[in-house]
Amino acid sequence: MQGASRRGARSTLQKTKKMQRSYIAAAKHAFLWFRNDLRIRDNAIFHHPAVKKADKITPIFCFDPRQFETTAYGSRKTGVFRTRFLQQSVEDLKKSLKDLGGDLCVYYDKPEDVLSKIAGEDSIVICQEEVTSEELNIDKLVSNELSKKRNCKLIKVWGPSLYHPDDLPFAMEALPEPFTVMRNQIERKAQVEIRKEFPKPTKLVGYEEAKGALKEVPSLSDLGFSKEEIDTKADPRGVMEFIGGETAGLKRVKYYTNNHLKTYKKTRNGLVGESYSSKYAPWLANGCISPRTVYWMTRDYEDKNGGQTVDTYWLIFELLWRDFMRFYCVKHENSVFKLEGPKNVRRSWSRDEKLINSWKEGKTGIPWVDANMRELLRTGFMSNRGRQNVASYLVHDLGIDWRFGADHFESLLLDHDVCSNYGNWVAAAGLTGGRINRFNMSKQAKDYDANGAFVKLWCPELKEVDPKFVHHPWLMSSADQQKAGCVIGNDYPKPVKSLRKVFTSSRPSGSSKKYNKKSRNFKGKGRVHRGRDRDFFAA
């Protein structure tokens with residue numbers, strides 16, 4: 001499954017509901033197909049009527065070989081950090097299901113091939129609904145295989161968002177834009193409270209093991225990783241140790257809520273250490289915890305500590321951003337993944353391999369960019385502030401096809417979520433209408449890393465550089481470079497490209513909007529998030 005094929009998003013929720021009623025009663029065997037919902041707490045698939053009526057229940061998970069292939073943009077689709085986190089998450093789910101009297105049947109094969117072999121007549125396969133085309137195409141392949149057998153169907157249930165689509169004051173396909181408009185409609189017009197969590201099952205009645213399941217979770221070697229990749233460990237300079245699984249995810253939520261939530265708004269743009277932000281994103285992306293669990297644990301904190309605060313509001317605000325990105329992909333379908341984006345903006349993009357590699361490797365000669373990229377490369381994590389900046393630099397300063405950036409993030413980020421990742425990248429490239437965020441690297445570095453501590457952490461070549469030069473070391477004199485033990489072009493790279501001051505036009509053909517250089521906004525209708533950055537959801 002190549003990177004170029006990642007296209008399309010649509011809602012199948014209403015169609016699914018209509019189809020389900022006719023064959024729920026006939027299903028004798030329920031296969032619980034886990035994907036991006038690797039948890040037992042607040043998981044809708046345990047509570048579907050067809051599952052409750054089934055005589056036999058078999059949970060399964062497939063390590064799909066397509067997820068470990070090389071993409072059209074040159075990346076391993078799922079890199080070693082993401083894969084290791086996924087393995088841990090599957091192991092944890094397997095243990096939880098054993099505690100309920102069952103197990104998780106694990107395969108290293110395509111889901112459509114596995115389910116065609118193990119699901120017989122009078123069976124249902126139930127899974128969480130996804131909205132983008134790679135996942136939907138696999139759903140179609142699975143459905144086609146199941147349809148060859150009598151009374152054998154695929155059922156999909158909703159589960160990945162904070163707000164359930166049925167509770168929204170609009171259809172997902174008619175999502176109001178930009179984010180602020182959606183937020184206002186939800187906060188002012190939503191008729192119901194966030195739904196309560198589904199209860200955690202206490203027992204898995206009727207468990208039956210499926211044939212051909214692996215005895216254990218496949219190793220990195222089994223999944224095709226080289227010895228060099230397998231030996232790659234997360235750099236100890238990283239913000240924290242990320243361990244996959246529901247157990248670790250819930251532990252993180254409890255710890256952060258009780259110890260650091262009270263300062264979230266003030267510290268969320270930090271760069272170093274585990275406490276500056278929640279860092280729930282990897283567990284949310286893999287479905288180890290649900291947004292509703294985070295919401296209700298935050299509400300419990302509010303009840304015990306005097307009510308809502310600016311910090312608790314802003315944490316939930318980030319979950320709403322996550323919802324927006326998912327609904328956005330439902331609405332805009334293929335265009336989210338196309339070069340021109342949803343607004344069909346035509347620009348001249350570069351595919352300069354040397355520039356792309358310098359960006360990926362953290363060797364652009366711009367310390368603020370390089371430090372963030374090296375953190376990602378060596379840990380699988382990057383702060384939200386960093387993500388916005390390196391995206392802006394790649395597309396607006398280097399002029400590189402934004403899909404190379406999205407593909408690189410998909411490969412490396414522990415918290416890769418297709419909707420949040422591609423939705424934010426296409427927006428960062430200025431292809432969604434409204435305000436375009438082109439960040440000034442020097443100003444951002446000074447605002448968020450004034451003394452250069454973060455840059456020096458990840459670019460040790462600069463550790464002896466005077467703080468006044470650390471973010472633009474090429475301005476040092478030869479004597480200063482010698483004194484700092486950092487000769488530009490030798491110890492640390494020269495900038496691969498001068499930081500441009502002139503904005504590259506990204507105006508859709510026929511647009512009457514004019515760019516205001518002072519405010520960085522377009523004049524006219526459609527200006528978005530005035531004073532507010534877009535969010536890559538590192539939380």
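The paragraphs below cover the cavities, then some backbone details.

This is a predicted model. A search of the whole structure finds 10 cavities of 30 Å³ or more. The largest cavity has a volume of about 610 Å³. Its lining is made up of 29 residues. Nearest the centre of the largest cavity lie R35, N36, Q67, R82 and E135.

Which elements give two or more residues to that lining? They are strand 1 (29-34), strand 2 (56-62), helix 3 (80-99) and helix 5 (133-146). Helix 5 provides the largest share, 3 residues. By class, the lining of the largest cavity has 14 nonpolar, 10 charged and 5 polar residues.

Now turn to the backbone. Most peptide bonds are trans, and most residues other than glycine have a negative phi.

P178 sits in the loop between strand 5 (152-157) and helix 6 (179-189).

D122 belongs to the loop between helix 4 (111-118) and strand 4 (123-128). Is D122 buried or exposed? D122 counts as buried, because its relative accessibility is 10% and the cut-off for buried is under 20%.

N344 is found in the loop between helix 12 (310-332) and helix 13 (353-361). With a relative accessible area of 40%, N344 is partly exposed.

Definitions and conventions: Residues numbered from 1 in each chain as written. Predicted model: local features only at pLDDT ≥ 70, side-chain atom pairs only at ≥ 80, totals over all residues. Heavy atoms only, no water. 1 Å grid on protein atoms, 1.4 Å probe; cavity = no way out; pocket = protein on both sides within 12 Å on 5 of 7 lines; lining within 4 Å. Points joined across faces, edges and corners; volume = space filled by probe spheres on them. Helix = DSSP H or I, 4+ residues; strand = E, 2+ residues; numbered from the N terminus. Nonpolar A, V, L, I, M, F, W, Y, C, P; charged D, E, K, R; others polar. Buried < 20%, exposed > 50% of the residue type's maximum accessible area, 1.4 Å probe, protein only.
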